[in-house]
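Thanks for making time this morning.

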Amino acid sequence: MDCGLSYTKISLHQSLPLTVKPCLSSSTCFAFNNSSFGTSVGCRRSLFVVASGSSSSKCEFGGLNAPLEPATPAGRLLSTVLLNDRKYFHVAVQKQLEKLAYERDEAVARMNLSLGSDEAFLHRRIAEVKELECQASVEDIMYMLISYKFSGIRVHLIPRLSKCMYNGRLEIWPCKDWELESIHSCEVLEMVREHLTTVLGWKEKSNVADNWTPTEVQKFKLCQVYAASVLYGYFLKSASLRHHLEKKLDHINPYLDIASYNQLLLSEIRSLGSEIVPFGCIGGTRSTSVGQIPLLREKKQDKLKYYVMSFDPETLQMWAKPKSKEALNLIEKHSYALFGDKKTGLVASDEVILTSLASLKRIVLEAIAFGSFLWDAEEYVRIVYKLKEN
């Protein structure tokens, strides 16, 4: 590794990702601009980046060749189940979550019982270690749930990018654009395509020559775009669901006061069951966190795009940030694994890669889908296991 390489940071934000606009120059780069979605929020965490080597091997799609490998027994077990016994997957997930919740709660209970005794310090340390172990396991479970959702649309996550280099050029094939777009409603898809235009300069009627023309991009800038697009997909899933429910309830009774309307909204969320609960199943009594967002009825719009544009910065930030620390950690770890060097997990700040608009589109579409599926996985886990609030 060249020790003369420069280093920079890739930041994950707590709120809606900044919009990204292409800078036209001799080589394609990306510049972040926050004019479209209000003010930005400070960095939550930072990814240090440094060079990664490239490989001449093909993109290894197939199986669960995802960039991030499970690091816990729970994650490895679910990876095996997903590959070999998919119909048992949800049962296995439920059992693992219940087991983790029991172990964590038991450790906390023992800690509380030991307060004031000579063993208080020991049990506090045990509870802290158990908390960290359970958090790592839950993050692996969420990643497997996301992998399950991708497998459901017959799309494999892009493996580590170093595995997708052909003679120094990054190409992702097959593109799977249709499958990745199929998960969105028409209104959400419209906003997804606008995002593609904003971040890549993509045009809906671009021809084959444009799509496959060699384009240079900075790797760490592309990583920033990916992370921002994950957050955007997460935001769109949350906003579109809330918009749908508000329109449905407003049609039922448009004259309710805000307090009654919010209560009815929560009731409607619970009654919808499999329509909104991720992965089509529900258990326990924890309610979805969609209802935690304060309602502003006077700002509601019929069209999702204008509904989102009507948000003030504070409401927008509340909608956009991942609700749990586990979700935020998962975005960070997945980005490290996808763009980083296999040994160090770091990305070069000044490394330039040759690729095409078609491959860039595939990367961004996957990121948006990842964010949407992350929202699903987070809600699914919340039903059984209490996540850390972000």
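Let's start with contacts, meaning heavy atoms within 4.5 Å. Take the contacts between residues at least 6 apart in sequence: 84% of them join residues at least 24 apart.

A word on what you're looking at. This is a predicted model, where local features need pLDDT of at least 70, side-chain atom pairs count only at pLDDT 80 or more, and totals for chains, interfaces and linings use all residues. Residues are numbered from 1 along each chain as its sequence is written, and side-chain values use heavy atoms, with hydrogens and water left out.

Now the parts list. The protein has 12 helices and 8 strands. Those are DSSP runs numbered from the N terminus: H or I of at least four residues for helices, E of at least two for strands. Of the 390 residues, 51% are buried. Buried means under 20% relative accessible area, exposed means over 50%, and partly exposed is in between, with a 1.4 Å probe and protein chains only.

Look at helix α12, residues 357-382. All 26 of its 26 residues are buried. The expected span is 1.5 Å times one less than the number of residues. For the 26 residues of α12 that gives 38 Å, and the end C-alpha atoms are 38 Å apart, so the two agree.

What does Asp 376 in α12 pair with? Its side chain meets Lys 149 in a salt bridge, at 3.5 Å from N to O. That pair links distant parts of the chain, with Lys 149 in helix α3 and Asp 376 in α12, 227 residues apart. A salt bridge here is a side-chain nitrogen of Lys or Arg within 4 Å of a carboxyl oxygen of Asp or Glu. Asp 376 is buried at 3% relative accessible area, while Lys 149 is partly exposed at 21%.

By that rule there are 21 salt bridges. Another one joins Arg 104 and Glu 131, at 3.8 Å from N to O. Arg 104 sits in helix α2 (residues 89-113) and Glu 131 in helix α3 (residues 120-152), 27 residues apart. Arg 104 is buried, at 10%.

Compare Arg 125 and Glu 128. Their closest N and O atoms are 2.5 Å apart. They are 3 residues apart in α3, so about one helical turn separates them. Arg 125 is partly exposed at 40%, and Glu 128 is partly exposed at 35%.

Next, Glu 181, in helix α4 (residues 177-181). Buried or exposed? Glu 181 is buried, at 11% relative accessible area. Leaving out residues up to four places away in sequence, Glu 181 touches Leu 189, Arg 193, Lys 361 and Leu 365. Its C-alpha is 8.2 Å from that of Ala 369, 188 residues away along the chain.

On to strands. Strand β7 (residues 215-218) and β8 pair in the antiparallel sense over 4 bridges. Pairing requires at least two DSSP bridges between the strands. Glu 216 stands opposite Leu 354 in β8. Side chains alternate along β8, residues 352-355.

Last stop, Trp 212. This residue is in helix α6 (residues 208-212), and at 30% relative accessibility Trp 212 counts as partly exposed.

That's the tour. Questions, please.
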